[in-house]
Amino acid sequence: MIPILFSENSTVFTSNGIGRLSDAISCVVTEERNGQYELQMVYPSTGKHFEDINLRAIIVAKPSTGTDNQPFRIYNISKPIDGKVTINAQHISYDLTKNVCMPFSVSASSSACYQVLQNLKSYAVETCPFNFSTDVVTVASYDQKAPASIRSRLGGTEGSVLDKFHGEYEWDVYDVKFWANRGQTKNI
């Protein structure tokens, strides 16, 4: 799949955007389980869209076979070396880092994880374009005592959704899916 460049305000990624980056030298997506989800691309300074590539612009790329195209927001562009730049971008879900959620609590129940995910969206200070879903039925309570970024409340901090309910995230454009098991479980 050829990566496609979109403007920073784009929210729909079904067109050719600003343009296809067919002259990219390389484009690699790395996704770690419940960890980083990033794109790194090497692009020539003589490339057709070199002047259009800016911080916060979005590159849409196919992370792996069997997955849909995903948007990645550019956060770093190196200085040209030997006529090439290295572009680093994070999955669009990292935009949740800039959206603050106000405090709330959810009592322990088998539907608590679902309720917490819905509350992260409804208690957000700014409009949240993300949708949250889960199949996790772990019985646990959740208590957020202070305002915090939605991304930090999903995982990476004590008392987060990941910490309390244990599962695996799948990031699919604006859909955040929290699975009990993202892959297959087989009895041998």
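**Sheets, a helix and a surface patch**

Ile 77 stands opposite Ile 87 in strand 7. The model is predicted, so to speak of local features a pLDDT of at least 70 is needed, side-chain atom pairs count only at pLDDT 80 or more, and totals for chains, interfaces and linings use all residues. Residues are numbered from 1 along each chain as its sequence is written, and side-chain values use heavy atoms, with hydrogens and water left out. Helices (H or I, at least four residues) and strands (E, at least two) are DSSP runs, numbered from the N terminus, and two strands pair if DSSP finds at least two bridges between them.

A second open sheet has three strands in the order 10-14-13, and its pairing is mixed. Its edges are strand 10 (131–134) and strand 13 (168–172), each with a single partner strand, so one side of each is left without a neighbour in the sheet. On average, neighbouring strands of this sheet are turned by 20 degrees against each other, direction ignored; the axes are lines fitted to C-alpha atoms, for helices over the stretch in contact, and angles run from 0 to 180 degrees between N-to-C directions. Five bridges hold the antiparallel pairing of strand 13 with strand 14 (residues 175–179), and Asp 175 in strand 14 is the bridge partner of Asp 172.

Turning to helix 1 (residues 112–122), the residues Ala 112, Cys 113, Val 116, Leu 117, Asn 119 and Leu 120 are buried (under 20% relative accessible area, with exposed over 50% and partly exposed in between; 1.4 Å probe, protein chains only). Seen down the helix axis, these buried residues fall within an arc of 160 degrees, so they line one face of helix 1; the arc is that of the directions from the helix axis to the C-beta atoms.

On the surface, Val 100, Met 102, Tyr 123 and Val 125 form a nonpolar patch with about 330 Å² of accessible area together. Patches are made of residues with over 30% relative accessible area and no salt bridge, like charges being joined within 9 Å and nonpolar side chains (Val, Leu, Ile, Met, Phe, Trp, Tyr) within 5 Å. A salt bridge is a side-chain nitrogen of Lys or Arg within 4 Å of a carboxyl oxygen of Asp or Glu, and areas come from the Shrake-Rupley method with a 1.4 Å probe, where for residues only the protein chains shown count as cover. Val 100 lies in strand 8 (residues 100–101) and counts as partly exposed because its relative accessibility is 32%.
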